[in-house]
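Let me put the structure up, and then I'll walk you through it.

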Amino acid sequence: MNYCLASCAFPSSHTTLLRNKLSPFLFRRNRSHQTLQLCRRNFQIRAMRAVIQRVSSSSVTVDGRIVSEIGPGLLVLIGIHESDTDADADYICRKVLNMRLFTNEATGRGWDQNVMQRGYGVLLVSQFTLYGFMKGNKPDFHVAMPPEKAKPFYASLIERFQKAYNKPDAVKDGVFGAMMKVNLVNDGPVTMQLESPQSSKNETKASTES
């Protein structure tokens, strides 16, 4: 007679009882595993982030005063990771300025022209909370680049945009580190997300080691 070991050792009623007793433990272990996986995924993020919104207008107010504003164009929220390099900044700048998010009014073709072709404005706003993840109910931002390093890095990013755009005065920004009120009228709505490729980190590391 062929019986499996489990069947011999535990009758079906005992097996059911054991499963019921173990269920809460297995559930807690599964939840812990899921939390660990989420944390690992957040720790592995190593890219500059940008959230791009096509707008009819946008402005930044600090202490009740408008410090920057644009008409039609792009509002770009920038998150800088602690490991970001010039290669990440180059990628984000190039992709944002060349994203075809606008209609070609001459042909009527949608998603055909970029912000420079339309001569529209670009408003950049530093946004370290793009690197926030939840630890319990509290957000954690420790993977964002520290302010003392992020400020000059962000300033260099603005310069990249201004040099790459054929109308440097079309590129505006907020006030780094300030409490800002960002107003916008999203046109569409159209919202895109970008992350610099991980390869930029590998290329930089390889060039440093060589």
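This is a predicted model: local features need pLDDT of at least 70, side-chain atom pairs count only at pLDDT 80 or more; totals for chains, interfaces and linings use all residues.

Residues are numbered from 1 along each chain as its sequence is written, and side-chain values use heavy atoms, with hydrogens and water left out.

So, Asp-63. Asp-63 is exposed, with a relative accessible area of 77%. It has a positive phi of about 55° even though it is not a glycine. Where does Asp-63 sit? In the loop between S1 and S2. When I say helix or strand, I mean DSSP runs numbered from the N terminus: H or I with at least four residues for helices, E with at least two for strands. S1 (residues 49-62) and S2 (residues 65-70) run antiparallel and are joined by 5 bridges; strands pair if DSSP finds at least two bridges between them. The two form a hairpin with 2 residues between them, and Thr-61 stands opposite Ile-66 in S2. Trp-111, in strand S5 (residues 109-113), is also not a glycine and has a positive phi of about 55°.

Now on to helix H5, residues 147-164. Its 18 residues reach 25 Å from first C-alpha to last, close to the 26 Å expected, where the expected span is 1.5 Å times one less than the number of residues. Which residues of H5 are buried? Ala-150, Phe-153, Tyr-154, Leu-157, Ile-158, Arg-160 and Phe-161. Looking down the axis of H5, these buried residues fall within an arc of 155°, so they line one face of the helix; the arc is taken from the directions from the helix axis to the C-beta atoms. The face turned away from that side carries the exposed Glu-148, Lys-151 and Lys-163. The cover over the buried residues of H5 includes strand S3 (73-79), helix H3 (86-98), strand S6 (121-126) and strand S9 (171-173), with contact meaning heavy atoms within 4.5 Å.

Next, salt bridges: a side-chain nitrogen of Lys or Arg within 4 Å of a carboxyl oxygen of Asp or Glu. How many does the structure hold? There are 6 salt bridges. One of them is Arg-54 with Asp-187, 3.6 Å from N to O. Arg-54 is in strand S1 and Asp-187 in strand S10, so that pair ties together parts 133 residues apart in sequence. Arg-54 is buried, at 11% relative accessible area, while Asp-187 is partly exposed at 32%.

Asp-90 counts as partly exposed at 37% relative accessibility. Asp-86, Asp-90 and Arg-160 are linked in a network of salt bridges.

Last item: Gly-188 and Pro-189 are joined by a cis peptide bond, with omega about 0°, and Pro-189 lies in strand S10. That's me done, so over to you.

Methods. Buried means under 20% relative accessible area, exposed over 50%, partly exposed in between (1.4 Å probe, protein chains only).
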